[in-house]
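Okay, everyone, thanks for coming. Let me put the model up and then talk you through a few parts of it.

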Amino acid sequence: MHRSPVIKASVLFKSLGLIIALVGLAPLAYSDGLTRVEQTIFGMDCAPCAYGIEHGLKRLSDVTDVRVSLNAGVAIVALTPGSTTTIENIRKVIRDNGFTPKAALVVVTGTLVRVDGHTWLEASGLPRYQLTGVTKEIEAMRNARPSGEVQLEGEVPESDSTARELFVKSLTG
Amino acid sequence: MHSPLSTAMQFLSATSTRLVVLGCTAFVGAASAEGHGPAFGLATPTLARGQWSSDTAVVQAGTQSDDTLGYREMLGYGITEDLQALATFPVRRPDESGSGLRTGAMMGSMDAIEASLQWRFHRTAPEIGTRRESALLVGITEPTDDTRGPMQIGNSIHLAAVTGYASRTTYWWAGAGVQRYFEKGDDRPGTLYYVTGVFGYRPPLFRHDYPKPDWRVFLEAVAESTERDRMNGLPMQNSGGEKLLVGPSVLGLYGRWGFEAGVLLPVAQSLNGTQSEERYRAKFVFTYWF
């Protein structure tokens, strides 16, 4: 039995409404675990350049403070714990201003997990950063506190393809 | 003699054309702030994606016979970080003489609305605080008056290219452009060819870190070659020629505000006829970034 065009349209609209409602209810972003980012920037030479970057970074969610240094070529971003802002969000602001983001020093919070033979920092229930660097200390910490929260300080490479690697320089429980 | 209706129609037609020029620019976005760089020479764009800017300029140019004062506004918008749109227009109509003068490579003639797109097609950032880049500029103009002196004025197209270097200590840009008018009736102002060169320096005293004020000084040079104007299809004797102007400018930036002042003085002039020689060009610009 064929449905009338009116019924078909009604079903279509209901389906669309359901999809929109589900999308609206779904969490749009997970925390990346970032609490501090010191992003190196190449090419930034003038006060309006710094102003544009500062202005753009302050508009990201969960950002509490932004400081830009022209002479050091760096933007320092402080974020609330559980922030949904990612390193990619920060670098997009830099690129949208016409400058080049390089490696970043970050402070991240999460738990240590083992995935496919590698140790990752997990935040919001998802592996966020594959950890390299002080591997012995990382493993010792993971064994000592298998589900405890840790805070790491390390460097994220400049390349987007490796932006999920974190070279750990120090870690605290 | 024109009827009131035809006069009104002509007015509406001219107004609508101007609105289209402005509207096109507003639609695609608006401009690179001239306040980032030199006052008179070409420079590469700097607006961020989605960023607006406003440049308000007071320009005065003097010849041996008179002085011309003009006020211009330039709106800028970053369509992307490498593509910017500019709309520049006179806030107050200048005096008639000298009104065809370009008030800066990117700010158009005193008596015209100009809409431009600037595309930064090359950009590298080799280290902190340093970048090299190149850009192309294409613009169209719509005159605010039907005539300039006895000559009818049509639309024109402006093309330019610029390459440059920026750092925390020095800047330089080198560029060249051409502005060619379309015929109106049998009249056409002479095509303008120009080359600009800019060297900038930020003295150690002004290398404070953001958000402290940022100052720099420039030495600017503009070389122009203008073809003879044509009236009724014939070249006008006292028009066109070559000029070389050189002068300093200074740029101060603080947060979202910028101030710039500059003056150009003629070093050499070779005019085609007996028209007055140019004595100076002066410019003050206030810039605001939204």
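So, let's start in chain B, at B:N232, which sits in the loop between β12 (230-231) and β13 (234-235). Just so we're clear, this is a predicted model.

Is B:N232 buried or exposed? It's exposed, because B:N232 has 10 other C-beta atoms within 10 Å, and the cut-off for exposed is 12 or fewer. What about B:R188? B:N232 and B:R188 are 44 residues apart in sequence, and C-alpha to C-alpha the two are 8.8 Å apart in space.

Okay, on to where the chains meet. On the chain B side, 27 residues are in contact with 23 residues of chain A. Which elements of chain B give two or more residues to that side? Those are β4 (112-127), β5 (130-143) and β14 (241-254). The one that gives the most is β4(B), with three residues. If you sort the chain B side by class, you get 11 charged residues, eight polar and eight nonpolar.

Now over to chain A itself. Chain A has eight strands and four helices, and if you read along the sequence the pattern goes α-β-α-β-β-α-β-β-β-α-β-β. Of the 173 residues in chain A, buried ones make up 38%.

Key. Residues numbered from 1 in each chain as written. Chains lettered and ligands numbered in written order. Predicted model: local features only at pLDDT ≥ 70, side-chain atom pairs only at ≥ 80, totals over all residues. Buried ≥ 20, exposed ≤ 12 C-beta atoms within 10 Å, placed from the backbone. Contact = placed C-beta atoms within 7 Å. Nonpolar A, V, L, I, M, F, W, Y, C, P; charged D, E, K, R; others polar.
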